[in-house]
Amino acid sequence: MKSELKTYQLEEIALNICDGVHNTVIDDENGDCLLLSAKNIQNGRIIFDETDRKINRELCDKLKKRTHLSKNDIAITTVGANVGDLAIIGDGSENYEFQRSVGLIKTNTAIADSIYLFYLLGTKSFNYFFHVIATGSAQPCLFLGTLNKIKV
């Protein structure tokens, strides 16, 4: 029996597509959580280093009420030269959140597998597409409204 491929807009297979915090956030050098940005997404992974911004647990938990960041969500850089770079959220996500330069896709696993979607969006074709549709005069930006409408 032949199966049919179905095309979806990304918003149809996602429970949530949002980006990180837009507000000014006060760093806390004694904080036990991190506030990450697009620079932390490299080669399909979340990379931490000693220069990452620290925030306190209370603020991190407050930010999570909006993003609901959790394991197997997909992070995508939405601002800068590396627009379209992806990472899959792994264990430990309760200890960090993202700035607005990172979009977050929470896949509806009743429709699609988040790991499959991660690899699909990470293909050369999609990476090229992300660079083509990014707009902005100072630096490329991939807006959430555009991301929502991408067909997969």
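This is a predicted model: local features need pLDDT of at least 70, side-chain atom pairs count only at pLDDT 80 or more; totals for chains, interfaces and linings use all residues.
The secondary structure comprises 4 helices and 9 strands. Along the sequence, these elements follow the pattern β-β-β-β-β-α-β-β-β-β-α-α-α. The radius of gyration is 16 Å. The globule rule gives 15 Å for 152 residues, so the protein is as compact as a globular protein of that length. The C-alpha trace spans about 60 × 35 × 25 Å along its principal axes. Of the 152 residues, 43% are buried. Contacts between residues at least 6 apart in sequence were also examined, and 72% of them join residues at least 24 apart. The accessible surface amounts to about 8900 Å². Carbon and sulfur atoms account for 51% of that surface.

Three strands form an open sheet in the order β5-β2-β8, with mixed pairing. Strands β5 (53-55) and β8 (96-98) are the edges, each pairing on one side only. Neighbouring strands of the sheet are turned by 35 degrees against each other on average, direction ignored. Strands of a sheet pair through backbone hydrogen bonds, either parallel or antiparallel. Both arrangements occur around β2 (residues 33-36). On one side, 3 bridges join β2 to β5, and these two strands run antiparallel. Here Cys-33 stands opposite Ile-55 of β5. A further 3 bridges join β2 to β8, and this pair runs parallel. In that pairing, Leu-34 stands opposite Tyr-96 of β8.

The side chains of β2 point in two directions. Cys-33 and Leu-35 point one way, while Leu-34 and Leu-36 point the other way. All four are buried. Helix α1 (residues 57-67) lies across β2, β5 and β8. The helix runs at about 55 degrees to β8.

The cysteines were examined next. A disulfide is a covalent bond between the sulfur atoms of two cysteines. The structure holds 0 disulfides. For Cys-60, the closest cysteine sulfur is that of Cys-33, at 3.7 Å. A disulfide requires sulfur atoms within 2.5 Å, so the two are too far apart for a bond. Cys-60 has a relative accessibility of 0% and therefore counts as buried. Cys-141 is in no disulfide either. The nearest cysteine sulfur to Cys-141 belongs to Cys-18 and is 17 Å away. Cys-141 has a relative accessible area of 15%. Burial means under 20%, so Cys-141 is classed as buried.

Gly-145 is found in helix α4 (residues 144-149). This glycine has a relative accessible area of 46% and is therefore partly exposed. Gly-145 and Glu-11 are 134 residues apart along the chain. Their C-alpha atoms are separated by 9.4 Å.

Definitions and conventions:
Residues are numbered from 1 along each chain as its sequence is written. Side-chain values use heavy atoms; hydrogens and water are left out. Buried means under 20% relative accessible area, exposed over 50%, partly exposed in between (1.4 Å probe, protein chains only). Two strands pair if DSSP finds at least two bridges between them. Axes are lines fitted to C-alpha atoms, for helices over the stretch in contact, and angles run from 0 to 180 degrees between N-to-C directions. Contact means heavy atoms within 4.5 Å. The radius of gyration is taken over C-alpha atoms; the globule rule is 2.2 Å times the number of residues to the power 0.38. Accessible areas come from the Shrake-Rupley method with a 1.4 Å probe; for residues, only the protein chains shown count as cover.
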